[in-house]
Amino acid sequence: MMQTQKPIQRHQHLFDDAGRQDFENLLHAIETIAALLPDKVALIDQGTSYTYRMLNEQANQLAYYLRGIGVSQKSSVAVCLRQSAQRVIAFLAVMKTGAPYLPIDGQFPESRIKLMVEDAGVDLMLTEKHYWYKVDGFARVSLAVDGLPVDIELTKLPTANQKENVSANACAYIIYTSGSSGRPKGVMISHAALWHFVSRQADVLGISTSSRTLQFASPSFDAAVIDMWVPLSRGATVLLYPDNKIVGAPLLDFIVMNEVDILPLLPPAVLASLPSDRPVGRLRTIAIGGEAATENTIRNWYKRVRLINSYGPTEATVAVSNYTFMEEPNPRIIGTVLPGNVLRVVDGAGRELAADEVGELLVSGPQLALGYINRPQEMAASFIRIPGKNGEAGEELFYRTGDRAKRRQDGLLEYAGREDEQVKIRGYRIELGEIEHGMAQLPQVAKVAVKVHKPEKGLSRLVAFVQPVTGEGIASFSDIRAKLQQLMPSYMLPDKIVTVENLPLNHAGKVDKEQLLLPELEDSGKRTAIQKTANLTEQVQLIWRDLLGLEDVPLHADFFDLGGHSLLLAQLHMQLPEMVQARIALPELYTFTTIQSFVEEVERRLGEVEISQKVRALQVEQELLNDSELPFDFTVTELPDAALLASPKRIFLTGVTGFVGSHLLDELLRNHPQAKIHCLVRAVDLPAAWGRIKETFQKYNLAWQEGDLERVVPHVGDLARAGLGLAKDEYEGLLDCIDVIYHSGSSVSYVQPYQLIKKPNIDGLHHMLHLAVTRRVKHLVLLSSMGVFSWGRPFTGKTWMYEDDPIEQNLPAVCRDLGYIKSKWVMESIAEKARRKGLPIINFRLGFAVCHGTSGATVKNQWWGALMRSCAELKSFPLVMGLKDELTTVDYMCKAIVHIGRKPEAVGQNFHLSPLPENDVSLTDFCAKMNEYFNLGLTGMEYHQWLKQWRHQAELPIYPLLSLFTEDVHEGKCLVEAYENTYYYDRSNTRRMLADIQLEPPVFNKEVMHPYLKFLGIV
């Protein structure tokens, strides 16, 4: 349930500069939001919504339980849960007890989890059954939230906020970072530092109660502080991404589908994995951080969204500066400091440097960490006191970031590299020394050096250069990785291991990493080879070699054992052939992790016979034939007076609020001045029905004449319901008084399946037939469609379709066509059976009503209008041969219907309201005329190239009809392609009946097209 805008706006002052001062900490902010906006959605976890009231009360209940078992400010609690709302609730509950939470990523190896838990002196491990086997026994006490004692029911515990305030200087959470000594360091962040950061960073990101943000980061990565606590501190809605190993297109799909508008923090490598040519939905702001982005990534995104570069070390609470990319896509600019913090560039003696001089970057201010756990020496080396600026008295505490930077002339800070061997890979802070320390423990390794390889294109890679122990053969790469996986997280594992006889040394006797060069693969012609080989195994091998940087890739080797990770997996999926991408989703690549298993699965799917198009078409054919039967008791007892066609007293009209139906009403009013016209309208009541009719006339520039409104009689009902949804007396009155029925009403949808559209269309016709034969028989004027012939030419082999030709011959094509076309075929089949039983029917097959011939009025979002608007926007159109849609105008067809509908001799006949064959304009012809008459500069393109131009542009008018251009309906062709070179249509009956008024189909010349394109806003 969404909170209404009014109360949200009423409390918005709480989040401005003044109101923010009233909050003591993050807990107080969330508790206040829960009190003022209790029903505002806080979290969405795989479709399940949690309001701020639920979030706060469930956290209070868990906190109450934790305090009851002894958790206090003196405790520390590790939380190891999978991505879920329960994990957020657990973090919040722990903070409410006064204890800090230590987030544990359950994917970490046991040895690293054990090291962190023991180093932090964790009192309680809060976990779940899923991870119990992995973490039990590391802390003093372990507790599974989904396995509490049977006598404990959290939902019955108190939901009120605790009365005791948490100290500002108390530790809120502990985050472990990589350490150069080979052991990770625990960084302690206070409530004061956390609140100072989240409240200021929310301002930078522009987060408010109306925002929908993404929680993507691993809990053990301090980016989770940004994408979890920053939006929750402002009353935003946070979408929990189910699996942050799945990146690339599926991640963007999740963002768009869930209407996410802000990404509080995303590693640049993950941003680079998102397709930059697809629509982004409501997404308007992205912050990146954790490592330097490539300039190419910045260029792809900074003009599409507001792109922010956030910089900061864990020891200063995540981020201390931000830069919004505007004109300069320089990824090394880290911008300006968050209010209250201080950034200083100094030399080796701690003296501040002038502009453009490179030195070490120091941080000071309220966001500094409380320090490291059990690391007094590293604490003393990293947190230093230096004299005040410009000789001011006293000293300030600064954290040495180890980053080199300079302050530019414009005042912005620019990153210039590292002082030490700390690096950032895929957003994670890594000490190369910690990896070297871990690898050196392997018995076959004498010496090891790790460095970062940065190719011109693609992702940075960790490369380990190994000198084996003399006489020992180096283990295989996968063996080493398997052993290292027991010691360190996957993001710290080397992507490639290179064996060397001796590591090169410099003059000081230390390893000279500058001389360690990665052997480059021979990749001349590699891309061409991938594209040319038809062998799927060879294609996949070449892609793996390219991504993993390996010369040899065994068919049974595991992608992840060879150095693969989630970002490379996203690249792998994007490089697969389209036919393979369509049959195996990115997440499934985690299941088929060897080339052998992957290729076998793909070939199984390609060769699998699900239901062939032919078999499926036969099933649909039988369904349509079954649906086209008349009720067994359908009888016509008498024939009505034929004179009533020319001079009816009461006409019943359906579809009056549609494009054709409204123009038909106008034409009936002009040509039957003596008749009352009863109109079936779906509405809540009679005034609303009148409102719909009048709005439709206004929309299409139709004018009421004197006396019209007295002759129109609306009936509030529904075609799909028995008795037309009318009261019994009202319906029985119509049974007795109606002379002629004009049935124009149909649900027109190019995307709805037959099963949905047949109720209003087919059931609606049955209800019209009931009206036509009950009490007294009425003439039925039926508006059908030229679509009943579908694209049947490949099946019939005919060039012409005549008005009296049976439509059954085109059923094989109809079975593969739109649900709407299927329904029109069934409707006409039913009507034909009713005609044979004696019902006086006049059947009109309508061409496509493009517009009104003089006013240009049209339905802007219908098929042809959406297509023309899209072509104009794209400045291109597809070159599809002979794609004709029987284009005509609505005024021509309505004049023809009413004129022919007056004639008794028309009863029992079919009439084609299609253009003259010589004037039947194709899509190519129409676009060429647009260029000729109005100089629009449209370019004709090969069909698939044209489709590629827009298939990911969701904002384009034609996008909702994308399936017409992509789904295979017959022999590899989509529906649009199937309609190439369709029939010519005979109109002998129509020509004969209109000869007395010399009414001819319109020609789409400049005079007709100008008002139409003007109405669409194209000219």
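Strand β14 (residues 321-324) is joined to strand β15 (residues 333-337) by 2 bridges, and the two run antiparallel. Here strands (E, at least two residues) and helices (H or I, at least four) are DSSP runs, numbered from the N terminus, and two strands pair if DSSP finds at least two bridges between them. Ser321 has Val337 in β15 as its bridge partner. β15 also pairs with strand β21 (residues 413-418), in the antiparallel sense and over 2 bridges. In that pairing, Ile333 stands opposite Glu414 in β21.

The model is predicted: local features need pLDDT of at least 70, side-chain atom pairs count only at pLDDT 80 or more, and totals for chains, interfaces and linings use all residues. Residues are numbered from 1 along each chain as its sequence is written, and side-chain values use heavy atoms, with hydrogens and water left out. The pLDDT is the predictor's confidence in each residue, from 0 to 100. The protein averages a pLDDT of 88, and 91% of the residues score at least 70. Over residues 1-7 the pLDDT is below 50, and this stretch has 8 contacts in the model beyond near neighbours in sequence. Contact means heavy atoms within 4.5 Å. Residues 521-533 also have pLDDT under 50, and for them the model has 17 contacts beyond four places in sequence.

We turn next to helix packing. Two packed helices are described by the angle between their axes and the distance between the axes. Axes are lines fitted to C-alpha atoms, for helices over the stretch in contact, and angles run from 0 to 180 degrees between N-to-C directions. Helix α3 (residues 26-36) packs with helix α4 (residues 52-68) at an angle of about 130°, their axes being 8 Å apart. That angle makes α3 oblique to α4; angles under 35 degrees count as roughly parallel, over 145 as roughly antiparallel, 65 to 115 as roughly perpendicular and the rest as oblique. The residues Ile30, Glu31, Ile33 and Ala34 of α3 meet Tyr52, Arg53, Leu55 and Asn56 of α4. By class, this contact of α3 with α4 has 5 nonpolar, 1 polar and 2 charged residues. Ala, Val, Leu, Ile, Met, Phe, Trp, Tyr, Cys and Pro count as nonpolar, Asp, Glu, Lys and Arg as charged, and the others, Gly among them, as polar.

Helix α3 packs with helix α5 (residues 85-96) as well, at an angle of about 115° and with the axes 10 Å apart. Leu26, Leu27, Ile30 and Glu31 of α3 make this contact with Leu92, Met95 and Lys96 of α5.

Two sheets complete the tour. An open sheet of 3 strands has the order β24-β25-β26, with mixed pairing. Its edge strands are β24 (445-453) and β26 (496-499), each of which pairs on one side only. β24 and strand β25 (residues 461-468) pair in the antiparallel sense over 8 bridges, and Val452 stands opposite Leu462 in β25.

Another open sheet has 7 strands in the order β29-β28-β27-β30-β31-β33-β37, with parallel pairing. At its edges stand β29 (712-716) and β37 (910-913), each with a single partner strand, so one side of each has no neighbour in the sheet. The twist averages 20° from one strand to the next. Strand β33 (residues 841-846) and β37 run parallel and are joined by 4 bridges, with Asn843 opposite Asn910 in β37.
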